[in-house]
Amino acid sequence: MKLFFVAAFALVVLSFDTADSSAYDKIVSHSRIRAKKEGPNVCALQQVMGTKKKYFSTCRNWYQGAICGKKAIVLECCPGYMMDSMQGCPAVAPYDNVMSQLRVVKASITQNYAELSKLKPEIEGSGSYTFCPSTDAWNLLDAEVRGALESNVNIELYNALHYHMVNKRLLTKDLKNGMSLTSMYNDLGLYINHYSNGVVTVNCARIVHGNQVATNGVVHVIDRVITAVGNTIQDIIDVDDDLSTLSSVALASGLSDKLGQPGQFTLFAPTNDAFEKLDKDVLERLMSDKGVLQALLNYHLLSSVQCSEAIMSGTSYETQEGHNIEIGCDGDSLTVNGIKMVLKKDIVASNGVIHLIDRVLMPDSAKQVMELVGGSQSTFGDMISELGLSSSMQADTEYTLLAPLNAAFTDEVMSLDQSILRLILENHILKEKIVLGQLYNGQRLETIGGKFLRVFIYRTAVCIENACLVRGSKEGSNGALHLMRVLMKPAESNMFTVLNDNGGFKIFLSLMEVAGLTDLLKQEGDFTLFAPSDEAFDGVSEAELDLLRGNMNALRTILLYHFSNSIFIGGGLETGVTNLLKSLMGSNLRVLFADNGVQVNTVSVPEHDIMATNGVIHFVKSLLYPGDIPVGSQDLLGLFKRLIKYIQIKFVSGFRYQEIPLTFMRTTTITRVIQAEPTITKVTRVIEAEPTIKKVTRVIEGEPIITKVTRVIEGEPIITKVTRVIEGEPTITKVTRVIEGAPALTKVTRVIEGDPNFPSILSGSQFSQGSSTSDFSVDGVDFSNIGTIQGSPDQLDFDSEKITKFIQGAI
């Protein structure tokens, strides 16, 4: 049989020092002050309508006039006082032993049970005891359980009453949050929680009337009967059949053992039916990912004990997953995130408390990226689904959604062609998961459409292109979501092209050209331009503009005052604060963002945040002029007064505009690539000097080129005709051999044409070898057609006999 701790519980006082008051004591004092008009020692309490629950309420609840959404105020005597014939509660409660005090607090049933269980002598005797029963608490107890106690008063009832006795005297100020007290039944623990709102609980039963001091203890009345505690949270979910799925999740996530460790936990435990409400594929996805399972379970777990009786209004608590949930109450029901979902509350364990809920709480960290889209971005979610973008996003790939709020999808946007709208929405989906803390100034983010978006970080804002983020970023299992007020319009072209295509800035562009600053609009960079439209020059003639064109320094001073060397997005400027932007000419621009609009030098900006590849453009309808620069010409002053009406321009006779160094202008290097066949020019350089001969050995890798020579000899061995057949492209090799020493030259004469039949080739041999020259004569032969043979250098070393045989073909 389970032991029960009855709704009233008494602790014996160790000290009567009230200087160190607790949250409970303070809140009782406030209740006395609120009811002081009703007489002495009267306390004003708030009661939950439709129930018997009464609270010494906090200031917050008192001024809201409601506890758990229900409004009721009751008056009663403060603890330790009682009524008499006079107004209020002037009488001090009798000071007697614990048994007598039960009568004072109207705990007659407990008093009767103490007598039946033979406990009366003990609680009337000497010692320091804590004891308290409550008549209402006994009446709320299950009839079957109460009957079992009454049927065995000597054991079950005696043990139940002994369980809520502590052999110490403790006032509410001594009951610290998280304290564990040893009961007088088998040394089982009693678990105390003392909350900042003044509520004190023991095993999640609330003290409704505390500090009723007795001679041998003190009585604290609690609002319910409680069971003895011995199991951990892990033990409870492991044996509860309705929590078997949760037990499986805890085991698969590796967090089951954590639920069995000592601590102060609150677990919102989804039942099996709660898990069955999830789509089958969602549950399978959760069970297949240990990290997601851990996030899911930790989202149901708090690092503190939150008993239902301590909840007086909606309060946000951080879960072990890292994000918050709101716990509140509606009448007698406990709510989570504003929804009544608690089936059974206050299942007390030795390391915390369990509340059973009828649905699974799904943290963002366990959701797919498309599941992060909320109600305020529902149009965005619907559109990317209808246009097929969500179906193309793979579950195992990470993305980031830049989700505009519903108000961004105006009738004009929704009337666009679907192909255009798809391109716009592609700019709002990034290829990778980027959480808020990973964004930095100058970062470039690639979209699924292949475009790159720029990030701008300001003091109080983070902007991507023309759109700034609003509070509400989320991180899912495979992506992140950031909220935006407007649709993004990424840059397509530079400032010059934007203004030129617009057609309303012809005069400004012409002045930039005259000033030699057109390239500033085209070059790469990060500029902010307040561009004056043609309307800014209304009523000004060309002759008057020529006056400005004729003063180059003045023209550049004014034009460069419209530029700042950083990108400033309207939504990124701190609202209501004047921001000083240094212009390219040196003076400051005073920029203010207020009422969803931008002002520069008090001039309204009708259209802002037009993005360009080299900056951002804000359109203005007035020429801007630096207030710290005077004018030295009456003619210019007259012109400026017609163009610039928001300030009074100073006149200083003889003032001259200074030349502004154009250090911000970039030099452009143009590389021209000509696609054509290259023209090769062969140049022969003739060097007049003695040649320098170097011996070079060249190693050629590859198969050698073989030349096949066929020699045909017709007739007798006397050579008449030599035909050399060369297969393949001829390879001509000119070999120069350098011989150190005196040159040795051999002259060989070969007969090419003539009568091929020689009666005698050589009639004699006359050789003169004085200078390595060999001469020979042939009788009867015409030598008119004799040429010089330059042959193999090896053959040139032959003696005369070999030469003769060579000519005859013997060699």
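Modeller: A residue counts as buried when its relative accessible area is under 20%, as exposed when over 50%, and as partly exposed in between, with a 1.4 Å probe and protein chains only. This is a predicted model in which local features need pLDDT of at least 70 and side-chain atom pairs count only at pLDDT 80 or more, while totals for chains, interfaces and linings use all residues. Residues are numbered from 1 along each chain as its sequence is written, and side-chain values use heavy atoms, with hydrogens and water left out.

Biologist: How many disulfides does a search of the whole structure find?

Modeller: A disulfide is a covalent bond between the sulfur atoms of two cysteines. Here the term denotes a pair of cysteine sulfur atoms within 2.5 Å, and the search of the whole structure finds four. One of them joins cysteine 204 and cysteine 307, with sulfur atoms 2.0 Å apart.

Biologist: Which parts of the chain does the pair of cysteine 204 and cysteine 307 link?

Modeller: Strands are DSSP runs (E, at least two residues), as helices are (H or I, at least four), numbered from the N terminus. Cysteine 204 lies in the loop between strands S11 and S12, and cysteine 307 in the loop between strands S16 and S17, 103 residues apart.

Biologist: Is cysteine 307 buried or exposed?

Modeller: Cysteine 307 has 0% relative accessibility and therefore counts as buried. Cysteine 204 is buried too, at 3%.

Biologist: What is the handedness of the disulfide of cysteine 463 and cysteine 468?

Modeller: The torsion about their S-S bond is about 85 degrees, so this disulfide is right-handed. For cysteine 204 and cysteine 307 the torsion is about -70 degrees, so that disulfide is left-handed.
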